[in-house]
Amino acid sequence: MNKLADQLEGIKTVAIAGHVRPDGDCTGSCLGLYNYIQDCFADIEADVYLEEISEVFHFIKNTQVIDSQFKKEQVYDLFIALDSGDKERLGEAVRYFDTAKKTICIDHHISNTGFADVNHILPNASSTCEIVYTLLEEAKISKAVAEALYTGIVHDTGVFQYSNTSELTMNIAGKLISKGINFTKIIEETFYKKTFVQNQILGKALLESKLLLDGKVIVSALKKVDMERYASKSNDLEGIVSQLRITEGVECAIFLYEMDNHEYKVSLRSTDYVDVSKIAGYFGGGGHKKAAGCTMAGTIQDIVKNLSLHIKEQLCN
């Protein structure tokens with residue numbers, strides 16, 4: 001796929017959706033694409049389907065159009081899946097995918113094998129927002145679109161510090177800045193600023209973390225009762241695993257939180273040597289070489305033990 005315009009020819013209705021528990025890249029790519037279609041393809045009826053997004057992203061234009069109820073009954077001419085490594089990651093929006101006349105997947109997860117009619121998957125890209133930018137006409141990118149895409153790039157690169165940041169990433173970020181966005185405010189208020197609850201839950205996760213495998217692995221876990229005590233949501237946990245990873249001497253970080261009774265969402269991050277996408281893939285998840293996740297059932301001890309065996313195997317090779 002060269003340009004999005006080629007795929008929108010003759011299209012009247014479009015559904016745009018991303019993965020469950022949308023992060024910055026998912027939110028930014030979905031709203032960036034929606035705003036671009038609104039600007040440049042006024043005759044197309046577009047809908048955005050996402051689970052509830054974090055309040056820090058509400059500055060992005062048209063967040064109010066997001067449908068988090070998934071109750072609309074419609075068969076779309078085109079469904080565009082963004083930042084989703086597989087079809088199941090679309091959550092309830094998958095029913096619009098299944099009934100659409102044509103489907104497109106735009107993604108950068110190395111574990112994505114292509115589940116749509118048209119697949120534009122670039123594992124070396126920093127973010128889905130970076131890929132979306134390359135599919136748009138640069139001259140037609142508005143300030144609102146630029147804000148959304150820049151937000152996604154910032155979040156998936158850890159403010160340009162992760163190894164997925166390339167020369168192209170920085171060039172695109174510069175082009176987006178030239179649209180007049182307040183890039184300093186976007187970084188400060190969506191990436192660094194934390195609520196009191198977020199700081200409390202981060203503090204608990206750090207205080208109760210443990211080192212394994214001679215200090216090369218750090219792990220922390222939160223139970224459902226912990227989240228209820230702090231009145232925290234899954235969005236409040238973003239960034240915890242990355243904070244664990246930067247502990248001195250640590251190669252791999254494991255963070256898990258309980259979603260249901262003995263069912264845990266697992267986030268994995270590595271520094272240099274461990275390919276966490278392989279580990280997450282083994283347990284039914286996916287992601288990138290240095291950032292991946294999955295869902296696992298069992299006790300915290302059993303889950304950590306199983307993950308540690310796979311991490312140890314890579315560290316010993």
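The model is predicted: local features need pLDDT of at least 70, side-chain atom pairs count only at pLDDT 80 or more, and totals for chains, interfaces and linings use all residues. Residues are numbered from 1 along each chain as its sequence is written, and side-chain values use heavy atoms, with hydrogens and water left out.

- Residues 14–153 are 30% helix and 17% strand. The end C-alpha atoms of this span are 24 Å apart.
- Residues 215–307 are 29% helix and 34% strand. Here the end C-alpha atoms lie 15 Å apart.
- Helices (H or I, at least four residues) and strands (E, at least two) are DSSP runs, numbered from the N terminus.

- Strand E1 spans residues 13–18, and six of its six residues are buried. Buried means under 20% relative accessible area, exposed over 50%, and partly exposed in between (1.4 Å probe, protein chains only).
- Both faces of E1 are covered. Thr 13, Ala 15 and Ala 17 are buried on one side. Val 14, Ile 16 and Gly 18 are buried on the other.
- E1 pairs in the parallel sense with strand E2 (residues 45–49) over five bridges. Two strands pair if DSSP finds at least two bridges between them.
- Thr 13 has Glu 45 as its bridge partner in E2.
- The chain runs from E1 through helix H2 (residues 24–40) to E2, in a right-handed β-α-β crossover. Right-handed means that, with the strands pointing away from the viewer, the path from the first strand over the helix to the second runs clockwise.
- E1 also pairs in the parallel sense with strand E3 (residues 78–82), again over five bridges. Ala 15 stands opposite Phe 79 in E3.

- Six strands form an open sheet of mixed pairing, in the order E6-E7-E8-E9-E11-E10.
- Its edge strands are E6 (210–212) and E10 (286–287), each pairing on one side only.
- E10 pairs with strand E11 (residues 291–297) in the antiparallel sense over two bridges. Gly 287 has Ala 292 as its bridge partner in E11.
- Helix H12 (residues 300–316) lies across E6, E7 (217–222), E8 (252–260), E9 (263–270) and E11. H12 runs at about 150° to E8. Axes are lines fitted to C-alpha atoms, for helices over the stretch in contact, and angles run from 0 to 180 degrees between N-to-C directions.
- Ser 308 is in H12. Ser 308 is buried, at 11% relative accessibility.
- Beyond its neighbours within four places in sequence, Ser 308 is in contact (heavy atoms within 4.5 Å) with Leu 212 and Leu 213.

**Positive phi**

- Most residues other than glycine have a negative phi, and most peptide bonds are trans.
- Arg 21 has a positive phi of about 50°. Arg 21 lies in the loop between E1 and H2. Its relative accessible area is 27%, so Arg 21 is partly exposed.
- Leu 213 has a positive phi near 50°. Leu 213 sits in the loop between E6 and E7. Its relative accessible area is 26%, so Leu 213 is partly exposed.

- Thr 103 is in strand E4 (residues 103–107). Thr 103 is buried, at 4% relative accessibility.
- The side chain of Thr 103 reaches the backbone nitrogen of Asp 117 at 2.9 Å.
- Not counting residues up to four places away in sequence, Thr 103 touches residues including Leu 78, Phe 79 and Phe 97.
- Ser 84 lies in the loop between E3 and helix H3 (94–99). Ser 84 is buried, at 0% relative accessibility.
- The side chain of Ser 84 reaches the backbone nitrogen of His 19 at 3.2 Å.
- Leaving aside neighbours within four places in sequence, the contacts of Ser 84 include Gly 18, Cys 105, Asp 107 and His 109.

Notes:
Polar contact = N/O pair within 3.5 Å; in protein donor to acceptor, adjacent residues only side chain to side chain.
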